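Reader: I am new to this structure. Please show it to me, and then let me ask about it.

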Amino acid sequence: MTEKSILGAALISLGLVCLGWFIKAGIDNFAEKDRKVSVKGLAEQEVEADKVTWPIVSKEVGNNLPELYNKIGGTQQKIKAFLMRNGIKEGELTENAPQVMDLQAREYTDANKPYRYIVTSVITVTSQEVQKIRRILARQGDLLKEGVAIVDGGYENPVKYEYVSFKAMKPKMMQEAIENAEKTAQQFAENSHSQLNKIVSADQGQFSIENRDENTPYIKKVRVVTTVTYSLKD
């Protein structure tokens, strides 16, 4: 066999070996791509509300509108004086125009009611000093001594507590959620005799803010859930 023939055979053999190696690598790589695990990461934190909206609702009933307007005006003045004495600032108050309901103008009404008009007044306190407002809420019974009855705002005018500063804590909570997701994925990899590889995909997480419970609406639970997909390798 000539030198050229030996060289040619060697090159062919080397080519076949390389081709086989590339095919195997391609098959392994294809197999690796299908080996993924998707896990959810959770982060939770309890915080105190940093904004409160308190609608103070009062009502007067009667048959004489001018008289009712005078009464509701006096009531509003007493409510505002009470609030100012307890540290509420002028800029924290919003006073709406009184609303009048004429019962005789309604299609369905009880003709036996001893009054025709219901005048409703709403003074709204909006403040970031939540603890101060809660203390005043506990003392609103003092208005009864002045002949002022505060009525329940119901569904239309509830006391509302909010946490508006959560944007500042989002990055840290997202990091915690991703770390928790990685711990779960790591445990899965160990159980499947694999190793955790790179992150294939991850969402930005869904944030929610809810009351911790019905009795403490001024304490909020901030929660984020993120989904992270990892690739696995042997």
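Reader: In what order do the elements of the protein chain run from the N terminus on?

Author: This is a predicted model, where local features need pLDDT of at least 70, side-chain atom pairs count only at pLDDT 80 or more, and totals for chains, interfaces and linings use all residues. Residues are numbered from 1 along each chain as its sequence is written, and side-chain values use heavy atoms, with hydrogens and water left out. Helices (H or I, at least four residues) and strands (E, at least two) are DSSP runs, numbered from the N terminus. There are 4 helices and 9 strands, in the order α-β-β-α-β-β-β-α-β-α-β-β-β.

Reader: Which residues have the most contacts inside the largest nonpolar core?

Author: A nonpolar core is a set of buried Ala, Val, Leu, Ile, Met, Phe, Trp, Tyr and Cys residues joined through side-chain atoms within 4.5 Å. Buried means under 20% relative accessible area, exposed over 50%, partly exposed in between (1.4 Å probe, protein chains only). Contact means heavy atoms within 4.5 Å. The largest core holds 20 residues, and those with the most contacts inside it are W54, L83, V125 and I133.

Reader: Which element gives this core its largest share?

Author: Strand 2 (51–62), helix 2 (65–85), strand 5 (117–127) and helix 3 (130–138) each supply at least two residues of this core. The largest share is 4 residues, and it comes from helix 3.

Reader: How many aromatic pairs does a search of the whole structure find?

Author: Rings of Phe, Tyr and Trp (its six-membered ring) pair if their centres lie within 6.5 Å; planes under 30 degrees apart count as stacked, over 60 as edge-to-face and the rest as tilted. The search covers the whole structure, and the number of aromatic pairs is 2.

Reader: How many residues apart in sequence are the parts that Y161 and Y218 tie together?

Author: Y161 and Y218 form an edge-to-face pair, 6.0 Å centre to centre with 65 degrees between the planes. Both Y161 and Y218 are buried. Y161 lies in strand 6 (residues 160–162) and Y218 in the loop between strand 8 (206–211) and strand 9 (219–233), so the parts tied together are 57 residues apart.

Reader: Which residue has its charged end over the ring of F207?

Author: A charge sits over a ring if NZ of Lys or CZ of Arg is within 6 Å of the ring centre and within 35 degrees of the ring normal. F207 is partly exposed, at 24% relative accessibility. The charged end over the ring of F207, 5.2 Å from its centre, belongs to K170.
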